[in-house]
Amino acid sequence: MLKKLGALIIIQFIFSTSLYANDKLNIFACEPEWKSLAEEIGGDMVKAFSATHAKQDPHYIRARPSLISKIRRADLIFCSGAGLEVGWMPILVQKARSQVQPGNIGYFMASKYTPVIDIPNEIDRGHGDVHPEGNPHVHLDPHNILLVAKELNRRLSIIDSKNKSFYQEQYNNFVDKWQNSILRWNKEIESIKGKRIIIHHKSFDYLFNWLQLNEIASLEVKPGIPPTASHLKNILENTNKNSVDIIVVSPYDPTEGALWLSEKTQIPVVTLPYTIGGNEESNNLIALFDSSIKILQNALYDK
Ligand SMILES: [Zn+2]
């Protein structure tokens, strides 16, 4: 009898949890930072998935069949926008439901709610520039995270109105936690302001603007155009004249250019996590900023 009762309880448990799982909002995030933010605000009410991971360049992934099956079920599509996913998202979005099509509540592009920097004077996609709408890597300014979180809360509360008060509470807790972190970070970053940096791709411009670091050059000729010998030679000539403290790359950048320049100049190459999972410590948004600041502090300590 007891055995039967136990089995019944287990069956009921499986049944109720599967029902519960089906009740959750499916969030299709393009990048790990938005999956993480969706989990911060959505908590147990959402099931978030990221189309890319930290070792992939979000500009260039393949719209593979497994992504199509994920996007078909999405209640919310949550991406950076500003052209970051233009190479692979449009074909996926075609397969998604009407409520997540562009212009609808379930189609959420973070960069529409943040300032966008590096907007070129003239559109130049013909020459391969992958940032014709400005810099899409908006998540690395912590103030932008607050702006995006606010809009995310608004959208979740409309899409899943029965849980509106839950999302509001999660959002309030997140904002408190995040604002306290910004106060702490503002103290920690004092010592590195004004340091001089070369980057591979303009992935970190929002971070460096916030940190008031001085970006001297990019190894890419233009965003998305790999370093050429003549471009690297120009940078080498300039770095000989002006001191540069570090060369920064992301976990997915090709490192040949950075290593070549480092070998010629003895300027160290530093890898920043860029997003959640970019290194072991960066397993949530606060840890991502903690880790980035710690790495920069260590690298720039005696510069
Ligand atoms: Zn980019």
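1. The largest pocket of this predicted model holds about 290 Å³ of space. Its lining is made up of 17 residues. Those nearest the pocket's centre are Gly81, Ala82, Gly83, Tyr107 and Met109.

2. Which elements each supply at least two residues of this lining? They are α4, covering residues 89-93, and β4, covering residues 107-109. The greatest contribution is that of α4, which gives three residues.

3. By residue class, the lining of the largest pocket splits into 11 nonpolar, three polar and three charged residues.

4. A separate point concerns the zinc ion. Its protein donors are four histidines: His59, His131, His137 and His201. In each case the donor atom is NE2, and the donors lie 2.0 Å from the zinc ion.

5. What is the geometry of the zinc site? The site is tetrahedral, with angles of 107 to 112 degrees among the four donor atoms.

6. Along the chain, the zinc donors follow the spacing H-x71-H-x5-H-x63-H. In this pattern, x5 stands between His131 and His137, while x71 stands between His59 and His131. The remaining stretch, x63, leads from His137 to His201.

Key. Residues numbered from 1 in each chain as written. Predicted model: local features only at pLDDT ≥ 70, side-chain atom pairs only at ≥ 80, totals over all residues. Heavy atoms only, no water. Donors = N, O, S within 2.8 Å, 3.2 Å for Na, K, Ca; no water. Tetrahedral: all angles 85-135°; square planar, octahedral: opposite > 155°, others 65-115°. 1 Å grid on protein atoms, 1.4 Å probe; cavity = no way out; pocket = protein on both sides within 12 Å on 5 of 7 lines; lining within 4 Å. Points joined across faces, edges and corners; volume = space filled by probe spheres on them. Helix = DSSP H or I, 4+ residues; strand = E, 2+ residues; numbered from the N terminus. Nonpolar A, V, L, I, M, F, W, Y, C, P; charged D, E, K, R; others polar.
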